Every structure is written in C-alpha cells, then in structure tokens.
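Open the model in your viewer and keep the selection tool ready.

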Amino acid sequence: FLGIPEYCKQCAAAEELVNLMLSEEGQKILMEKNYMFPVIKKVMAQTPFERVLKIDHLQPFQIPASQTVEENLNQWAQIRRQN
C-alpha cells in the first residue's frame with residue numbers, strides 16, 4: 001500500500017514518490033526488486049513475469065468446519081513436535 005498521510009511534512013516529495021510508484025518505470029522497479037506483480041500489466045512484457053502461469057479464475061473455496069480446522073491444527077502440531 002502507498003499513500004500520503006494528511007499530516008505529511010514533505011507532501012510534494014511524497015506526491016513525487018507516489019507518482020513514481022504508479023508509473024511504468026516505478027512498476028518495473030517494484031516488480032524486479034520486490035518480486036511483486038505490477039499494477040500496469042504491460043510492464044510485464046519481456047520480463048520473467050510474462051511467463052507466469054495465467055489463471056483465468058480460482059476454484060471455489062469453502063471454509064472448512066471448525067472441527068476440521070481443529071483436527072488439521074492438531075495434526076500439524078503433532079508433526080511439528082516430531083521434527
């Protein structure tokens with residue numbers, strides 16, 4: 001997340017930073033240095049991000065029942081104690 005708080009003391013510099021981060025140049029920096037997907041899709045062209053698997057949609061996810069969650073957590077804790 002990026003924003004400028006209303007109590008900023010160097011608002012012009014903060015605004016420059018926001019503009020840089022939302023530019024194609026800034027998005028490339030974020031993508032390559034932080035390994036984050038850019039918000040400007042065309043920035044991914046001719047980069048390793050271009051080859052990332054494209055997902056059309058996610059499978060529906062149902063939240064498991066409390067009992068199932070508890071069983072999974074207990075199993076995980078048991079495995080952790082063994083290692």
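**Stop 1: the disulfide**

Searching the whole structure turns up 1 disulfide, a pair of cysteine sulfur atoms within 2.5 Å. The model is predicted: local features need pLDDT of at least 70, side-chain atom pairs count only at pLDDT 80 or more, and totals for chains, interfaces and linings use all residues. Residues are numbered from 1 along each chain as its sequence is written, and side-chain values use heavy atoms, with hydrogens and water left out.

Select C8 and C11. Their sulfurs are joined, S to S 1.7 Å. Look along the S-S bond: the angle about it is 100 degrees, and the link of C8 and C11 is right-handed. Now colour by accessibility. C11 is partly exposed, at 36% relative accessible area. The classes are buried, under 20% relative accessible area; exposed, over 50%; and partly exposed, in between (1.4 Å probe, protein chains only).

**Stop 2: Q27**

Move to Q27, in helix α2. Helices here are DSSP runs of H or I, at least four residues, numbered from the N terminus. Is Q27 buried or exposed? Q27 is buried, at 5% relative accessibility. Show its contacts, meaning heavy atoms within 4.5 Å. Leaving out residues up to four places away in sequence, Q27 touches L20, M21, L22, P38, V39, I40 and V43.

**Stop 3: Q46**

Next, select Q46. Q46 sits in the loop between α2 (24–34) and α3 (66–82). Check the backbone: phi of Q46 is near 60 degrees, a positive value in a residue other than glycine. Most residues other than glycine have a negative phi.

Definitions and conventions:
Helices (H or I, at least four residues) and strands (E, at least two) are DSSP runs, numbered from the N terminus.
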